[in-house]
Amino acid sequence: MSRGQGWRRAIVLVAIAIACALPFLLSNFRLFQFTQVFIYAIALLGLNILTGFNGQISLGHGAFYALGAYTTAIMIDRWSVPYGWTIPVAGLLCLTAGFLFGIPALRLEGLYLALATFALALAVPQILKYFEHWTGGSQGIVLSKPGAPLGLTLSPDQWLYFVTLGVLILLFVLGANLLRGRTGRAIVAIRDNPIAAQAMGVNGALYKSLTFGVSAAYTGVAGALSALAIAFVAPDAFNVFLSITFLVGIVIGGLASISGAIFGGLFVQFVPNWAQEISKAAPWAIYGIFLIVFMYAMPRGIVGALRLAGARLARFRG
Amino acid sequence: MEIFLQQVVSGLATGGIYGSVALALVMIYQATDVVNFAQGEMAMFSTYLAWSMLNAGVPYWAAFFATLAVAFVCGVVIERVVIRPVENAPVLTIVIVCIGLLVILNSVAGWIYSYIQKPFPSPFPEKPITIGNIFFGAHDLGALGVTLLVLLLLYVFFRYTTLGLAMRAAAQNPVSSRLCGIRVGWMLALGWGLAALVGAVAGLMIAPIVFLDPTMMSGILIYAFASATLGGFTSPGGAVLGGLLVGVIENLVGTYVKFIGTELKLTVALAMIPVVLLVRPSGLFGRVAVHRV
Amino acid sequence: MTRRTIVALALVAALGPLLFAGPAGAQWPGVTPTEIKIGNTNPYSGPASAYGTIGKALTAYFKKVNDEGGINGRKINFVTLDDGYSPPKTVEMVRRLVEQDQVAFVFQTLGTPTNSAIHKYLNEQKVPHLFVATGATKWGDPRNFPWTMGWQPTYQTEGHIYAQYVLKNVPNPKIGILYQNDDYGKDYVKGLKDGLGEAGRKLIVLEQSYEVTDPTIDSQIVNLKNSGANVFYNVTIPKFAVQAIKKSHDIGWKPLHLLNNVSASVDVVLKPAGLEASRDLITALYLKDPTDPQWKNDQGMKDWLAFMQKYYPEGNTKDAFNVYAYTVAQGLVHVLKQCGNDLSRENVMRQAANIKNLSLPLLLPGIKVNTGPTDFYPIEQEQLARFDGERWALFGEVHDAGKK
């Protein structure tokens, strides 16, 4: 194991340790916010797998997020399924949906794919309202926050935090294994030079569709968790701005990076709140300025900037 | 038959609106390879500036042309000041900057002008024109006419003037253009300026119909994207035509396909995009990009 | 006693107050002898930002109250946060208000889906959820949600009133409906349908919906005219109401036009649509329209204008939302005064459910605020008005949904 890898592993372990300690140090409200950060991070990793690693730009991941959230909501509300089961079901459903969407998407390049997915994101609220019988229409579906299982003296917020953290770690480890192995190399090769990759025997069509599926599955799981955390789903929560927020998150965090998803999640959750503290009158103007300044300072995202700093440091050391 | 014609006419009217914004989008894309998410907000802000002028007593056409001039300058300035620093960054980074711009313009407009809608005057007469039993809004016709005029002027500019040629060259092949002495950076800025100007025209034509408020363009931007995608992002004429098609089809489906009705009208408009793209991946009139291996 | 025990006790004594006491001087959550902290969320950004003026007007009104000495010696600290009309954001902001800022209660949170998202939470936490800014019907349910209370006449109530009017006054009604495709629009439509009853429902010949993101509704108006409808139930927000009125006029369609209260402003809707085109429109009102010339010399209206000028000069004096905000703020001040020196959450709720015949200056004459332990609908009265080309001429009796 090289020194770099050793360091990285240590940092990850320390981060996990801190994350596990937080529920006993922070208020329930802050935990709720951090649970949101984790949920975003999972969704962002999903989008990053597709857009960052595989080069397929999607502006429609809000649709999969909504699909995951409503799957959970409907299963709990209509069929009284225990919430634990709804998460993998949401993931599988989105995996299938993503894969199926990925097949026609094969024909679309860059900009046009982005726009086709943009269209998908825009249509989501209307479709959700149309199938009122299932989705509760504009009124939405109200859920109960799951409590900690018998024996554990944790508040619902603490329990949900741990559940989300657990899912996050699991999905991130799986993702890292996927992306750092042969599959990952194939995925990246398709992004960088699809023709050469094809010539080397990589089945472009299969990989691209699968990547779409996996990416959708991650985002769907995030959606399912968010339904539990907020305890409410309504069409208005899944508008196009959500998909744009995801895009902002992965670019700010850093394309084609796994840890970037966490930074992206932190940015997307907390910066709008800070903007509100700074200016009551025009908070989104402050947010916009943040975005632009960030992009000037770190065009390759936070992780990109960190890598650059790390490389400079290594050169300096010598 | 009559209702069919009326819906087509209404569709052409709204389609003209979509097409004019789509035109601005396509222009920036053609000049700079960037999809400017802030296009709608730039148009909205220009329209507010016009409103301020009109409120101060400036006559309509003076305010109209003054707004176009201001919009053009602002477009150039935005490209030079805001976009230039990230010119060479990955395309998604530029997109995020555009999103930042969108959010800033929207927020500032709301802060300065408040969110309550304001009526906006139209240069065209109030009374609708009636042919048989079909009603044509004079403004709708006028707006469509203005859009087509702008399209024509742009065509003439790009095809027959040296500057237009230089801009096209800079967009297609920046390296060779530089070697020919073309100042590529300024060509890009000009492209943004022109697109901002076209956007301002669209805004001035749209505001009398949908009323001026900071969220005026967000709905239309969506349809503009649909129109540009349908027509093909490489074809300005296609963008306008795409807009007209979206407007008409949306109305007809809403009227005649009962189970969809109006509850899924937007979805239908949007569904057209992937459907068309599957058949013609570069849009109806777009040029298919051929990649050399 | 061992040394360890002594140290432990000392630590508890030292740290105990920090761990167990609330903020210094707090008598009840959010209340100190000098301050009452009130929480609110409003859409200051996003698609519903036009409603954000309500939050700003409320802030201005409470400043006025503070300038005039506050309530029983306490100043109001009004904390209002932006939720962008997004339910997840509302949940986050309200949790912050309750758990971090420790507000006494939550007041005038705006929007139906946004309030739905915090409905259960606030009742579980036993935090008063007062005078919510939405016309949906579900907020007046004291048996299941004893901490939540609505304020304005519900959309369904209004729909009922229109239905009764049509059944009584139109000989052969064929009703066409244009509605916004969300909870607001659907609630209004439900009100009309319920008011028409089983038999009456067949009188509806066509329903057309639209999305807030649609640029125009011309297509829908054309379809409605074509359906042969002679009654037009117009459930649209101001932006689209203007289009609807104008387009119907332009294409020569002259039905009995029922306009929902949300878009009844003379200056914002009727004038741009054309005063002549708006003649004979019917709406139901409960507040005085600030742009209606009949209230020019009304003392209440003059006071309101003076308030706007002094405390909210950048606010629009033609915007009915600012009248709405002023009135509901006055309602709250009345409740707080009635609480006297007991500002516990239980008492605030008790007093809110104990408003008897409260007259407020900008409510139409004859309309009063009333609540009781089983009546969580403070305002249930409305009066029909017909536009005569210049003003909304009130006619008929004051309809009271409370008396069934």
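A crossing of two helices is called left-handed if the near helix is turned anticlockwise from the far one by less than a right angle, and right-handed if clockwise.

## Ground rules

What you're looking at is a predicted model, where local features need pLDDT of at least 70, side-chain atom pairs count only at pLDDT 80 or more, and totals for chains, interfaces and linings use all residues. Residues are numbered from 1 along each chain as its sequence is written, while chains are lettered from A and ligands numbered from 1 in the order in which they are written.

## A helix pair inside chain A

The α10 partner covers residues 204-230 of chain A, and the two pack at about 145° with their axes 6 Å apart. Those axes are lines fitted to C-alpha atoms, for helices over the stretch in contact, and angles run from 0 to 180 degrees between N-to-C directions.

What lines this contact? Sorted by class, α4(A) against α10(A) involves 20 nonpolar, ten polar and one charged residue. In that sorting, Ala, Val, Leu, Ile, Met, Phe, Trp, Tyr, Cys and Pro count as nonpolar, Asp, Glu, Lys and Arg as charged, and the others, Gly among them, as polar.

## Where chain A meets B

Chain A puts 32 residues in contact with 34 residues of chain B, contact being C-beta atoms, placed from the backbone, within 7 Å. On the chain A side, the elements giving two or more residues are α5 (110-130), α11 and α13 (283-297). The largest share, eleven residues, comes from α5(A). By class, that side of chain A has 28 nonpolar, two polar and two charged residues.

One helix pair spans the two chains: α11 (residues 240-253) of chain A and α4 (residues 91-113) of chain B have axes that come within 10 Å and cross at roughly 130°. The two are therefore oblique to each other (under 35 degrees is roughly parallel, over 145 roughly antiparallel, 65 to 115 roughly perpendicular, and the rest oblique). This crossing is left-handed. A:Ile244, A:Val248 and A:Val251 from α11(A) meet B:Leu92, B:Thr93, B:Ile96 and B:Ile99 from α4(B). That gives six nonpolar residues, one polar and no charged.

## Where chain A meets C

Over on the other interface, 19 residues of chain A are in contact with 22 residues of chain C. The elements of chain A that supply two or more residues here are α2 (28-53), α5 and α13, and α2(A) gives the most, with four.

## Strands and helices in chain C

Strand β6 (residues 175-180) of chain C is mostly covered, with six of its six residues buried. Buried means 20 or more other C-beta atoms within 10 Å of a residue's own, exposed means 12 or fewer, and partly exposed is in between, with C-beta atoms placed from the backbone. C:Ile175, C:Ile177 and C:Tyr179 cover one side of β6(C), and C:Gly176, C:Leu178 and C:Gln180 sit on the other. β6(C) runs parallel to β8 (residues 231-235) of chain C over five bridges, with C:Ile177 opposite C:Tyr233. It also pairs in the parallel sense with β7 (residues 204-210) of chain C, over six bridges, and C:Gln180 has C:Tyr210 as its bridge partner there. Pairing takes at least two DSSP bridges between the strands.

As for helices, α5 (residues 155-169) and α6 (residues 183-200) of chain C pack at about 40°, with axes 7 Å apart. That makes α5(C) oblique to α6(C), and their crossing is right-handed. The contact has eight nonpolar, eight polar and four charged residues.

Are they buried or exposed? C:Tyr85, in the loop between β3 (75-82) and α3 (87-100) of chain C, is buried, with 25 other C-beta atoms within 10 Å. C:Asp280, in the loop between α9 (266-273) and β10 (282-285) of chain C, is partly exposed, with 13.

Methods: Two residues are in contact if their C-beta atoms, placed from the backbone, lie within 7 Å.
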